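Welcome, and thanks for taking a look at this one with me. Please have the sequence and the model open side by side as you read.

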Amino acid sequence: ATDIQQEMLDIIKAKMGSAPLKNVTLVLGEDDNPKLPAGTIDLALMVDVYHELHKPQAVLQHIKTALKPGGRLVLVEYREEDPDVPIQRLHKMSVKTARLEVEHEGFTLAKVVSGLPWQHLLVFTKQ
């Protein structure tokens with residue numbers, strides 16, 4: 001689990017408590033670098049995060065490097081296409097925009113899941 005705020009990592013650590021989780025490592029990342037080791041992750045999940053990134057292309061390149069062969073990047077973002085989603089437009093993202101930006105960095109949109117009440121789930125694979 002990576003975040004650029006130590007406070008968020010502290011919350012995760014507290015929630016983990018004494019649970020016997022051997023596959024979770026907390027990583028303090030940077031604005032443009034999640035600091036994930038190359039070739040070590042199967043799945044990168046970003047929930048309502050991508051639209052907030054200041055340097056999304058740099059972050060995507062680091063994630064692409066961190067993904068194992070066949071690895072996936074999953075974005076969950078509020079649907080910009082739906083005017084009834086009760087959140088400010090600047091916190092929404094369309095499938096078209098996500099696809100344009102993420103595919104530009106060497107990913108392929110593999111699946112769009114639209115069954116969530118307000119968000120879409122976008123599954124990308126690295127090329």
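Which elements do the buried residues of helix 2 pack against? They pack against strand 3, strand 4, helix 3 and strand 6. Please keep in mind throughout that this is a predicted model.

## Helix 2 and its buried side

Let us start with the residues behind that packing. In helix 2, the buried positions are Pro56, Val59, Leu60, Ile63 and Ala66. They cover an arc of only 120° around the axis, which puts them on the same side of helix 2.

Helix 3 spans residues 95–104, and its buried residues are Val95, Ala98 and Val102. Viewed down the axis of helix 3, these fall within an arc of 65°, so they line one face of the helix. Their packing partners are helix 2 (56–66), strand 4 (67–79), strand 5 (92–93), strand 6 (107–113) and strand 7 (119–126). Turn to the other side of helix 3 and you will find Lys96, Leu100 and His104 exposed.

Arg99 is partly exposed at 42% relative accessibility, and Glu103 is partly exposed at 25%. Just after helix 3, have a look at Gly106, which takes a positive phi of about 95°.

## Strands 6 and 7

Strand 6 pairs with strand 7 in the antiparallel sense, over six bridges. A hairpin of five residues joins strand 6 to strand 7. Within this pairing, Leu109 stands opposite Phe124 in strand 7.

Val113 belongs to strand 6 and is partly exposed, with a relative accessible area of 30%. Setting aside neighbours within four places in sequence, Val113 is in contact with Gln119, His120 and Leu121. Val113 and Val123 are ten residues apart in sequence, and their C-alpha atoms are 8.2 Å apart in space.

## Salt bridges elsewhere

Lys68 counts as partly exposed, at 30% relative accessibility.

Lys35 and Glu30 also meet through their side chains in a salt bridge, at 3.0 Å from N to O. Lys35 is partly exposed with a relative accessible area of 40%, and Glu30 is partly exposed at 41%.

## A buried lysine and a loop histidine

Lys92 sits in strand 5. Lys92 is buried yet has no salt bridge, and the nearest side chain of opposite charge, Asp82, is 6.4 Å away. The side chain of Lys92 does reach the backbone oxygen of Asp82, at 3.2 Å. Beyond neighbours within four places in sequence, the contacts of Lys92 are Tyr78, Arg79, Glu80, Asp82, Pro83, Val85 and Ile87.

Finally, visit His51, in the loop between strand 3 (41–47) and helix 2. The side chain of His51 makes a polar contact with the side chain of Glu77, at 2.5 Å. Not counting residues up to four places away in sequence, His51 touches Glu77, Leu90 and His91.

Terms used: Residues are numbered from 1 along each chain as its sequence is written. This is a predicted model: local features need pLDDT of at least 70, side-chain atom pairs count only at pLDDT 80 or more; totals for chains, interfaces and linings use all residues. Side-chain values use heavy atoms; hydrogens and water are left out. Buried means under 20% relative accessible area, exposed over 50%, partly exposed in between (1.4 Å probe, protein chains only). Helices (H or I, at least four residues) and strands (E, at least two) are DSSP runs, numbered from the N terminus. The arc is that of the directions from the helix axis to the C-beta atoms. Contact means heavy atoms within 4.5 Å. A polar contact is a pair of N or O atoms within 3.5 Å; within protein, one must be able to donate a hydrogen and the other to accept it, and residues adjacent in sequence count only if both atoms are side-chain atoms. Lys and Arg count as positive and Asp and Glu as negative; His and the chain ends are not counted. A salt bridge is a side-chain nitrogen of Lys or Arg within 4 Å of a carboxyl oxygen of Asp or Glu. Two strands pair if DSSP finds at least two bridges between them.
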